[in-house]
Amino acid sequence: MAAAAAATNGGEGGFDVIVVGAGIMGSCAAYAASTRGGGGARVLLLERFDLLHHRGSSHGESRTIRATYPQAHYPPMVRLAARLWDDAQRDAGYRVLTPTPHLDLGPRGDPALRASIDNGAATEVDASDASSWPWSGVFRLPDGWTAATSEIGGVMKATKAVAMFQSLAAKNGAVVRDRTEVVDVAKQGDGSIVVKTSSGEEFHGAKCIITVGAWASKLVKSVAGVDLPVQPLHTLICYWKVRPGREHELTPESGFPTFASYGDPYIYSTPSMEFPGLIKVATHGGPPCDPDGRDWLAGGAGLVEPVARWIDEIMPGHVDTAGGPVIRQSCMYSMTPDEDYIIDFVGGELGKDVVVGAGFSGHGFKMGPAVGRILAEMAMDGEAKTAAEAGVELRHFRIGRFEGNPEGNLAENKVKSWVLT
């Protein structure tokens, strides 16, 4: 019994790092930390709910990866993440990411679209020339619209990806525990960290990483007195019926891309792959919610009707909107006012011993391996050398940007970010 307890609590001296929250960011952080020192780092990954639960933002069938962002500080992180996705899949021996092209489209003068094309090094096509791009027969672009293609694109199997990183961390010796709600993170007199749970357990470690998604504001406020401006939103993922005879045309096997349509509404899509004969087309956003008291039906019509109108205008020959979406799946975003992430030391009495990753604003999943590596290095080394080497500027993600400025980076970003994963 004593030996089992010691193993669960990291053995003599506790854990090197305790990760709180086992969604995509926490699972990637645990994996990154577990690879340190030839796999010798002692890592504990704690999850409040069941592993791979559907109550947060990391579950489901698909997320996308792309490098076309209105903000110039994201493409370097996407490129780093793409490399780390490949590394993790190589370690696992199987794939969770299906590469595809990516297509951006929208009004030619839309500032967010123009910036995304430039920052992502996308290639603009002649929308009036059907021979200049392969999907001209699928999309009926209105006058004044343009389209641009890029090579960095793909679809990640979300739940499968989270499971992969958890399995890789466990293979490297990490301890993974679910149904363990953390209620306090504190610094002890000897400088170590103690993590306390609702059941009365205590775990001791040198460092801690907090990645609890929509619960970030509540937990960080409780343990450190720090206000994180992270607002959870309820959103809907919609799958629509592909018209008969068009099914193969919209699949990755036929080369169909992930795509994003700029303007109002912002629309995003993945190729038809999760459910044969259905295609995921949805809009970004949704009503505010409390993650501990959600109305699972909130925002239904407001998140479905704009998508149906867009499909009827842009893809009428390929997708059927009669009767609405065939499948609706609930999810949450954790939004910051500027839609930039929060990646920083908690500070105060916890100093640099506790790091938080939060507010990924509906476009973080693709960045999981990069954010996980950055969080692990910040916690264990006090700095993120991988980010610096990859040209990722972490200043955009500091908590302090909201001090005396509730909008954060909005003025610097210039164009509002609608950049869903």
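Which handedness, left or right, does the crossing of α2 and α5 have? The crossing is left-handed; a crossing is left-handed if the near helix is turned anticlockwise from the far one by less than a right angle, and right-handed if clockwise.

This is a predicted model, in which local features need pLDDT of at least 70 and side-chain atom pairs count only at pLDDT 80 or more, while totals for chains, interfaces and linings use all residues. Residues are numbered from 1 along each chain as its sequence is written, and side-chain values use heavy atoms, leaving out hydrogens and water.

**View 1. Helix α2 packs against helix α5.** The axes of α2 (residues 24-34) and α5 (residues 158-171) come within 8 Å and cross at roughly 25°. Axes are lines fitted to C-alpha atoms, for helices over the stretch in contact, with angles from 0 to 180 degrees between N-to-C directions. Helices (H or I, at least four residues) and strands (E, at least two) are DSSP runs, numbered from the N terminus. The two helices are therefore roughly parallel to each other (angles under 35 degrees). Ile 24, Ser 27, Cys 28, Ala 30, Tyr 31 and Ser 34 of α2 meet Val 162, Phe 165, Gln 166, Leu 168 and Ala 169 of α5. Contact means heavy atoms within 4.5 Å.

**View 2. Buried residues of helix α6.** In α6 (residues 216-224), Ala 216, Ser 217, Leu 219, Val 220 and Val 223 are buried. Buried means under 20% relative accessible area, exposed over 50%, partly exposed in between (1.4 Å probe, protein chains only). Their cover includes β1 (15-20), β10 (182-187), β12 (202-210) and β20 (354-358). Gly 225 follows α6, with a positive phi near 70°.

**View 3. Thr 146 in strand β7.** The strand spans residues 145-150. Thr 146 is buried, at 1% relative accessible area. Its side chain makes a polar contact with the side chain of Glu 124 (2.7 Å). A polar contact is a pair of N or O atoms within 3.5 Å; within protein, one must be able to donate a hydrogen and the other to accept it, and residues adjacent in sequence count only if both atoms are side-chain atoms.

**View 4. Backbone geometry in loops.** Most residues other than glycine have a negative phi, and most peptide bonds are trans. Leu 52 has a positive phi, near 65°. Leu 52 sits between β2 (43-46) and β3 (63-66) and is partly exposed, at 34%. The peptide bond from Asp 264 to Pro 265 is cis, with omega near 5°.

Conventions: Parallel < 35°, antiparallel > 145°, perpendicular 65-115°, else oblique.
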